[in-house]
Amino acid sequence: MTERSAEHPALTTERLALRPWRDSDLAPWAAMNADPAVREHLGDVLTREQSDASVARFRADFARRGYGWWAVEVRATGKFIGFAGLDEVDPGLPFTGVEIGWRLARPAWGHGYATEAARAVLAFGFDTLGLPEILAVTTATNHRSQAVMRRLGMTRDPDDDFEDPTAPEGPLRPNVVLRKAAGV
């Protein structure tokens, strides 16, 4: 279900609300970004300033293009648990397109929230935006995210795997790409 707000659309699922960012999300978002376990496949932890700046970018992206990263909360409690959404593939990577992603606080892991939120995001991308394909990218060692991608019906072609030029030498450099085409 998609509903339009003054800022951008909100999505709801059985258990989750994917909604515009609120100032009250900044502290729990910063706590997530300061958690080494949450950042394990992403790189260094972020400072509060870096974390707050990311939310400013998320808000600006939605205003500019009509999609981006939603804040995710549990509908029953209103508790902020992370983000999910769509973004343009970073320049400099060996492919282009629109990428799906998610990041949840550790207490939200293992409840199926990432898959549930991502299904709503995929539906928005295909049904509302009319995207022909959506990509997902993660480190080769991020097996939990790859499992979510497979549950979404995304498939991997090893020929698409790449070394992330922005990552330091080490486990963050080898990446995999999974894809899902509209109507599949």
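Leucine 16 lies opposite valine 74 of strand 4. The model is predicted: local features require pLDDT of at least 70 and side-chain atom pairs pLDDT 80 or more, while totals for chains, interfaces and linings use all residues. Residues are numbered from 1 along each chain, and side-chain values use heavy atoms, without hydrogens and water.

Strand 3 (residues 16-19) pairs with strand 4 in the antiparallel sense through 4 bridges; pairing requires at least two DSSP bridges between two strands. Helices (H or I, at least four residues) and strands (E, at least two) are DSSP runs numbered from the N terminus. Strand 5 (residues 80-88) also runs antiparallel to strand 4, with 5 bridges joining them, and valine 72 faces glycine 82 there. The hairpin of strand 4 and strand 5 has 5 residues between the strands, and glycine 78 adopts a positive phi near 75°.

Because 6 of the 6 residues of strand 4 (residues 69-74) are buried, the strand is largely enclosed by the rest of the structure; buried denotes under 20% relative accessible area with a 1.4 Å probe, protein chains only. Side chains in a regular strand alternate between the two faces of the sheet. Trp69, Ala71 and Glu73 point one way from strand 4, and Trp70, Val72 and Val74 the other way.

Val74 is also one of the residues lining the second largest pocket, whose lining includes Lys79, Phe80, Ile81 and His111. Helix 1 gives the largest share of this lining, 3 residues. A pocket is an open set of points on a 1 Å grid over the protein atoms alone, where a 1.4 Å probe fits, with protein on both sides within 12 Å along at least five of seven lines; lining residues have an atom within 4 Å of a point.

Methods
Buried < 20%, exposed > 50% of the residue type's maximum accessible area, 1.4 Å probe, protein only.
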